[in-house]
Amino acid sequence: MSAAAADGRDPSSPATSGTLAAPVRTGTPSDWVQRWAHLIPPAGQVLDVACGAGRHLVWLHGLGHAVTGVDRDAAALATLAPLAAQGAELVDANIENGPWPFDGRRFDAVVVTNYLWRPLMPRIAEAVAPGGVLLYETFAAGNDTVGRPSRSDFLLAPGELLAMAAAGGLRVVAYEDGFVDAPPRFVQRIAAVRPLTGETLARHRLGPSQVAG
């Protein structure tokens, strides 16, 4: 896990998955990931980058997806042994200072939350398979006024995820850049799909509105 994730991961309540042979206690999945998870193809192959204690791995596994998580925190990965026993792939790797462990592999979804290492952004986009989706959410410019992370290295500049999607050949389905109250933080987030070969117009169902009324 990078310093960006270590000093900026959102506090959340523990949850227990009832789908595993033994329970794994993790945090609550990101609202953004939950809102747009319907874009993941059924029984899809999902990669969670800087997965930490596996809150998204456990939740997505419960939805019937095949999950792969990568993190450099061996202790966090060890807590996911029951998930690994159910077929999850857990990769202990320092993706910031070592080789990208997924060269040549494509996933039906790539999930990134509370993590930013700019040199990896092209690799992350490239890992999205045709018909797959990128779900990315992390801290944005302005967060230094309310808490951590506060270094610009760990805060997305305005439009940075849009530029990442465009450079990676992804079509944006949803994008937000602003302030969230609970806990107070500035975030930028995107849901972007890689069109299938020859696809000119797909019907990507929009998630439920987060605006009352």
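Biologist: How many salt bridges does the structure hold?

Modeller: This is a predicted model, so every value is computed from it. A salt bridge requires a side-chain nitrogen of Lys or Arg within 4 Å of a carboxyl oxygen of Asp or Glu. By that rule, the number of salt bridges in the structure is 7.

Biologist: How many residues apart are E176 and R35?

Modeller: The side chains of E176 and R35 meet in a salt bridge, at 3.3 Å from N to O. E176 belongs to strand β8 and R35 to helix α2, so the pair links distant parts of the chain, and their separation is 141 residues.

Biologist: Is R35 buried or exposed?

Modeller: Buried means under 20% relative accessible area. The relative accessibility of R35 is 15%, so R35 counts as buried.

Biologist: Which residue forms a salt bridge with E137?

Modeller: E137 lies in strand β7, and its partner lies in strand β9, 52 residues apart. Both residues of the pair are buried. The closest N and O atoms are 2.7 Å apart, and the partner is R189.

Biologist: What is the distance from E96 to R72, the nearest side chain of opposite charge?

Modeller: E96 lies in the loop between β5 and β6, and its side chain makes a polar contact with the side chain of Y115 at 2.9 Å. A salt bridge would need a nitrogen within 4 Å of a carboxyl oxygen. E96 is buried yet has no salt bridge, for the distance to R72 is 4.1 Å.

Biologist: Which arrangement do the rings of W100 and F102 adopt, stacked or edge-to-face?

Modeller: A pair of aromatic rings is described by the distance of the centres and the angle of the planes. Planes over 60 degrees apart count as edge-to-face. The centres of W100 and F102 are 5.3 Å apart and the planes stand at 75°, so the pair is edge-to-face.

Biologist: Why is β6 largely enclosed by the rest of the structure, and how many of its residues are buried?

Modeller: Strand β6 runs parallel to β3, to which 4 bridges join it, and it also pairs with β7 in the parallel sense over 6 bridges. The strand is largely enclosed because, of its 7 residues, the number buried is 6.

Biologist: Which residue in β7 is the bridge partner of F107?

Modeller: Ring pairs link F107 with W100 and F102 into a cluster. F107 also takes part in the pairing with β7, where its bridge partner is V128.

Methods:
Residues are numbered from 1 along each chain as its sequence is written. This is a predicted model: local features need pLDDT of at least 70, side-chain atom pairs count only at pLDDT 80 or more; totals for chains, interfaces and linings use all residues. Side-chain values use heavy atoms; hydrogens and water are left out. Helices (H or I, at least four residues) and strands (E, at least two) are DSSP runs, numbered from the N terminus. Buried means under 20% relative accessible area, exposed over 50%, partly exposed in between (1.4 Å probe, protein chains only). Lys and Arg count as positive and Asp and Glu as negative; His and the chain ends are not counted. A polar contact is a pair of N or O atoms within 3.5 Å; within protein, one must be able to donate a hydrogen and the other to accept it, and residues adjacent in sequence count only if both atoms are side-chain atoms. Rings of Phe, Tyr and Trp (its six-membered ring) pair if their centres lie within 6.5 Å; planes under 30 degrees apart count as stacked, over 60 as edge-to-face and the rest as tilted. Two strands pair if DSSP finds at least two bridges between them.
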